[in-house]
Amino acid sequence: SSAASDVYKRQVLNIDSTNYNLPSLTDAKYILTPVKLIYEIVKECKEKNYMLFEENIREYLGNKGVNSHIAKTLEDENDRDNFFYYNNGITVICDSVQKITLNESIHNKGFKTENPQIVNGCQTVNTIFETLNKYPESELENTFKNTYVMVKLLVLDKNSDSNKKLYQDIVCLLYTSDAADD
């Protein structure tokens, strides 16, 4: 329906550099993403031995410091719906992205990426996974139905000569400017 499509469009800010005639910008999507989906992505990557954090400078630091506060927010039934406001989000760089529809449900639309790498958000993503992993699968949908995180999805071929420096700068600058989180 058009109402469902409209809701979907409001969940994604699409920066299309070609259509906006901004050739110096890379295509990007800012996606309001359910934390349950982040959990499912990490779970699938672990099952397939896909290195989702290969390009991330820092390893997961465990459930301490800021991460313990992330977990407490997710575990608090009165505060988990505010998670989106508290968290700085996740940055993913990929070679390409394509919008897909799994079925007509608004919650089954998404993006297929090629070679996704989380370059900022390692602490957030792993804490989401570790926290949600404590809950029975049957309870995840209802428990976290209103809990979201912002995902910035950048389309950038790191192997192209013109993008190598930008790719490295994004990875390194995110690390130095946001060292307290990821």
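Mentor: Contact means heavy atoms within 4.5 Å of each other. This is a predicted model, in which local features need pLDDT of at least 70 and side-chain atom pairs count only at pLDDT 80 or more, while totals for chains, interfaces and linings use all residues. Residues are numbered from 1 along each chain as its sequence is written, and side-chain values use heavy atoms, with hydrogens and water left out.

Trainee: What share of the contacts with a separation of 6 or more joins residues 24 or more positions apart?

Mentor: Take the contacts in the protein chain with a separation of 6 or more. The share from residues 24 or more positions apart is 72%.

Trainee: In what order do the elements run from the N terminus on?

Mentor: Helices (H or I, at least four residues) and strands (E, at least two) are DSSP runs, numbered from the N terminus. The protein chain has seven helices and seven strands. Their order is α-β-β-α-α-α-β-β-β-β-α-α-β-α.

Trainee: How many residues of helix 5 are buried?

Mentor: Buried means under 20% relative accessible area, exposed over 50%, partly exposed in between (1.4 Å probe, protein chains only). Over the 182 residues of the protein chain, 39% are buried. Helix 5 is largely enclosed by the rest of the structure, because the buried count among its eleven residues is ten.

Trainee: At what angle do helix 2 and helix 5 pack?

Mentor: Axes are lines fitted to C-alpha atoms, for helices over the stretch in contact, and angles run from 0 to 180 degrees between N-to-C directions. Helix 2 (residues 35-47) and helix 5 (residues 122-132) have axes 9 Å apart. They are therefore roughly perpendicular; the class covers 65 to 115 degrees, with under 35 roughly parallel, over 145 roughly antiparallel and the rest oblique. The angle is about 90°.

Trainee: Which residue of strand 7 is the bridge partner of Thr-33?

Mentor: Two strands pair if DSSP finds at least two bridges between them. Strand 2 (residues 28-34) and strand 7 run antiparallel, joined by seven bridges. The partner of Thr-33 is Val-149.

Trainee: Which residue of strand 7 stands opposite Thr-91?

Mentor: Strand 7 also pairs with strand 3, in the parallel sense, over five bridges. Six of the eight residues of strand 7 are buried, so this strand is largely enclosed by the rest of the structure. Opposite Thr-91 stands Lys-152.

Trainee: How far apart in space are Ile-31 and Gly-110?

Mentor: Ile-31 belongs to strand 2. Ile-31 is buried, with a relative accessible area of 13%. Ile-31 and Gly-110 are 79 residues apart in sequence, yet C-alpha to C-alpha they are separated by 9.5 Å.

Trainee: What phi does Asn-49 have?

Mentor: Most residues other than glycine have a negative phi. Asn-49 sits in the loop between helix 2 and helix 3. Asn-49 is exposed, at 66% relative accessible area. Though not a glycine, Asn-49 has a positive phi of about 55°.

Trainee: Is Asn-115 exposed or partly exposed?

Mentor: Asn-115 lies in the loop between strand 5 (109-114) and strand 6 (117-120). Asn-115 has a positive phi of about 55°. With a relative accessible area of 29%, Asn-115 is partly exposed.
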